[in-house]
Amino acid sequence: MANPWYKDYSEYLAERWPGVKVQKLSVDAGFSCPNRDGTIGRGGCIYCDNRSFTPGYCDARRSVAEQLADGRRFFARKYPQMKYLAYFQSFTGTHASAVGRLAELYAEALAQPDVLGLIIGTRPDSLPENVMDLLTEINRERRVIVEIGAETSHDATLRLINRCHTWRDVEDAVRRLDSRGIECGLHLIAGLPGESCADVLTTVERSCRLPIASVKLHQLQVIRGTRLDRLWRTGELAVHPFTLEEYLELCVQVVRRVDRRVAIERFLASAPPEMVAAPRWGLKNYQFTNLLLNRLAATAPGDAAAESRPDKN
Ligand code: SF4
């Protein structure tokens with residue numbers, strides 16, 4: 001049954017591949033990041049430790065084909081009919097030494113059994129025209145979905161977290177992809193330094209005015225050993241890790257601002273617990289989603305108390 005409150009990721013996939021069970025399979029193709037290697041910036045985003053969001057089974061020392069084969073073996077035991085989307089998630093999925101190398105890696109993924117298409121995670125400023133041309137060509141035959149790390153629409157915050165791009169870059173990238181018929185989703189982070197809940201909701205509203213198909217929101221996690229961790233511990237940066245209650249309430253407000261044209265892929269980041277300094281809720285993604293669905297049911301529109309509830313910060 002469809003989620004009555006928002007289009008979730010299973011509904012999103014079912015719209016595109018009706019009657020087929022589809023699963024994302026992450027691969028680490030050994031890309032770097034232009035905000036680390038000096039192409040655009042150095043040091044990276046202050047909260048970033050790629051190990052916190054790269055599944056353990058991804059290993060850039062192994063080929064794309066081998067990584068996908070491992071993932072398929074894992075899921076096929078339980079779901080023999082399962083099909084897959086190769087997810088170039090680690091670092092910047094369009095940042096290779098040359099566009100020819102990208103073409104090889106994408107082709108290797110698409111040549112594997114049961115792989116229906118590609119999902120490519122990247123930065124808004126890492127989509128030059130020759131990469132756009134390649135994605136457009138692949139998208140004529142097989143589906144390509146680009147996920148852009150936007151994080152926030154507030155340029156002051158983007159500077160503070162050393163993203164080295166602007167919101168205008170995000171808008172441009174989304175419109176360029178849309179003009180080429182390539183589907184696009186945005187990653188957003190709630191709880192970035194200096195941002196209120198109202199700021200997060202502004203970002204959600206601005207995102208939904210763009211021609212996107214999905215958003216992926218998660219709470220800011222302070223990952224041990226990152227620059228954010230140090231700045232937070234020394235008090236040099238005011239960081240307020242959400243309480244679970246605050247974040248649930250914010251997500252209710254987010255859902256109310258996202259119409260069914262745009263899917264909400266997830267609400268929770270879940271780095272390995274030993275890597276997380278804060279917040280430490282100990283919840284899995286499905287557990288958080290259940291809490292949120294219960295909250296949404298309890299505060300459905302028409303509930304005057306919920307409608308008048310203020311932002312938490
Ligand atoms: S979050 Fe993405 S853009 Fe930022 S440093 Fe990490 S890999 Fe690079």
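Predicted model: local features only at pLDDT ≥ 70, side-chain atom pairs only at ≥ 80, totals over all residues.

Colleague: Okay, what is the order of the strands in the open sheet?

Modeller: Strands here are DSSP runs of E with at least two residues, helices are runs of H or I with at least four, and both are numbered from the N terminus. Two strands pair if DSSP finds at least two bridges between them. In general, strands of a sheet pair through backbone hydrogen bonds, either parallel or antiparallel. This open sheet has 7 strands with parallel pairing, in the order β1-β2-β3-β4-β5-β6-β8.

Colleague: Which strands are at the edges?

Modeller: Look for strands that pair on one side only. Those edge strands are β1 (22-27) and β8 (263-264).

Colleague: Which strands does α7 lie across, and at about what angle does it run to β5?

Modeller: Axes are lines fitted to C-alpha atoms, for helices over the stretch in contact, and angles run from 0 to 180 degrees between N-to-C directions. Helix α7 covers residues 197-208 and lies across β4 (143-151), β5 and β6. Its angle to β5 is about 175°.

Colleague: How are α3 and α4 arranged, roughly parallel or roughly antiparallel?

Modeller: Helix α3 (residues 99-110) and helix α4 (residues 129-141) pack at about 25°, with axes 10 Å apart. Angles under 35 degrees count as roughly parallel, over 145 as roughly antiparallel, 65 to 115 as roughly perpendicular and the rest as oblique. So α3 and α4 are roughly parallel.

Colleague: Which residues of α4 make that contact?

Modeller: Residues are in contact if their C-beta atoms, placed from the backbone, lie within 7 Å. From α3 come V99, L102, A103 and Y106. Their partners in α4 are N130, V131, L134 and I138.

Colleague: How many nonpolar residues does the contact of α3 with α4 have?

Modeller: Ala, Val, Leu, Ile, Met, Phe, Trp, Tyr, Cys and Pro count as nonpolar, Asp, Glu, Lys and Arg as charged, and the others, Gly among them, as polar. In this contact no residue is charged and 1 is polar. The nonpolar count is 7.

Colleague: What about α9 and α10: at roughly what angle do they cross?

Modeller: Helix α9 spans residues 244-257 and helix α10 spans residues 285-298. L248, C251, V252 and V255 in α9 meet L291, L292, R295 and L296 in α10. The axes come within 10 Å and cross at roughly 65°.

Colleague: How many charged residues are in the shell around the ligand?

Modeller: A residue is near a molecule if its C-beta atom, placed from the backbone, lies within 6 Å of it. The residues surrounding the ligand include C33, N35, R36, F91 and R123. By class, the shell has 4 nonpolar and 5 polar residues, and the charged ones number 2.

Colleague: Near what value is phi of F91?

Modeller: F91 sits in the loop between β2 and α3. Phi of F91 is positive, in a residue other than glycine, and it is near 50°.

Colleague: Last one: which residues does the cis peptide bond join?

Modeller: Go to the loop between β9 (276-278) and α10, where P279 is found. Omega is about -10° for the cis bond, and the residues joined are A278 and P279.

Key
Residues numbered from 1 in each chain as written. Contact = placed C-beta atoms within 7 Å.
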